[in-house]
Amino acid sequence: MTQQEIISSIQELMRNFFKNDALTISMATSANDIDDWDSLNHMTLISEIEKKFNVQFEFFEIMDFENIGELVNSIQTKL
């Protein structure tokens with residue numbers, strides 16, 4: 001799966017999660033860029049992403065993600 005395919009899937013998931021059909025993400029997008037993305041939503045969102053891609057992240061790995069790019073890279077290595 002390519003980075004763009006993963007980003008597109010995550011973007012669709014995030015649009016549903018945050019109830020914002022106009023939401024657009026890039027490799028540089030971080031929680032600071034999305035108003036409703038707080039620490040509680042972060043954990044729930046990561047759980048949804050794990051389900052979608054059938055991957056499992058370690059707790060410290062999750063806490064170290066600084067942007068979508070790091071998340072995408074991690075997903076690619078786990079697939």
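The model is predicted, so local features need pLDDT of at least 70 and side-chain atom pairs count only at pLDDT 80 or more, while totals for chains, interfaces and linings use all residues. Residues are numbered from 1 along each chain as its sequence is written, and side-chain values use heavy atoms, with hydrogens and water left out.

**Nonpolar core**

- The largest nonpolar core holds 22 residues; such a core is a set of buried Ala, Val, Leu, Ile, Met, Phe, Trp, Tyr and Cys residues joined through side-chain atoms within 4.5 Å.
- Ile10, Met14, Ile49, Phe57, Ile68, Leu71 and Ile75 touch the most other members of this core.
- Helices H1 (3-17), H2 (39-53) and H4 (68-78) are the elements that give two or more residues to this core, and the largest share, five residues, comes from H1.
- Helices (H or I, at least four residues) are DSSP runs, numbered from the N terminus.
- In soluble globular proteins, nonpolar side chains tend to be buried together.
- Ile75 touches Ile6, Ile10, Ile49, Phe53 and Phe57, with residues up to four places away in sequence not counted; contact means heavy atoms within 4.5 Å.

**Helix H1 and Ile10**

- The 15 residues of H1 should span 21 Å at 1.5 Å a residue, and the end C-alpha atoms of H1 are 20 Å apart, which agrees; the expected span is 1.5 Å times one less than the number of residues.
- The buried residues of H1 are Ile6, Ile7, Ser9, Ile10, Gln11, Leu13 and Met14, where buried means under 20% relative accessible area, exposed over 50%, and partly exposed in between (1.4 Å probe, protein chains only).
- H2 and H4 are included in what covers these buried residues.
- Ile10 lies in H1 and counts as buried at 0% relative accessibility.
- Leaving aside neighbours within four places in sequence, Ile10 is in contact with Ile25, Ile49, Phe53, Ile68, Leu71, Val72 and Ile75.

**Largest pocket**

- The largest pocket contains about 200 Å³ of space.
- On a 1 Å grid over the protein atoms alone, a pocket is an open set of points where a 1.4 Å probe fits, with protein on both sides within 12 Å along at least five of seven lines, and lining residues have an atom within 4 Å of a point.
- Grid points are joined across faces, edges and corners, and the volume is the space filled by probe spheres set on the points.
- Of the 15 lining residues, Ala31, Trp37, His42, Phe65 and Glu66 lie nearest the centre of the pocket.
- H2, H3 (59-64) and H4 each supply at least two lining residues, and H2 gives the most, with three.
- The lining divides into eight nonpolar, five polar and two charged residues; Ala, Val, Leu, Ile, Met, Phe, Trp, Tyr, Cys and Pro count as nonpolar, Asp, Glu, Lys and Arg as charged, and the others, Gly among them, as polar.

**Ile62 in helix H3**

- Ile62 lies in H3 and is buried, with a relative accessible area of 7%.
- Ile62 touches His42, Met43, Ile46, Glu50 and Phe57, not counting residues up to four places away in sequence.
- The C-alpha atoms of Ile62 and His42 are separated by 8.9 Å, and the two residues are 20 apart along the chain.

**Loop residues with positive phi**

- Lys19, in the loop between H1 and H2, has a positive phi of about 55° although it is not a glycine.
- Lys19 is exposed, with a relative accessible area of 73%.
- Asn54, in the loop between H2 and H3, has a positive phi near 55° and is a residue other than glycine.
- Asn54 counts as exposed at 71% relative accessibility.
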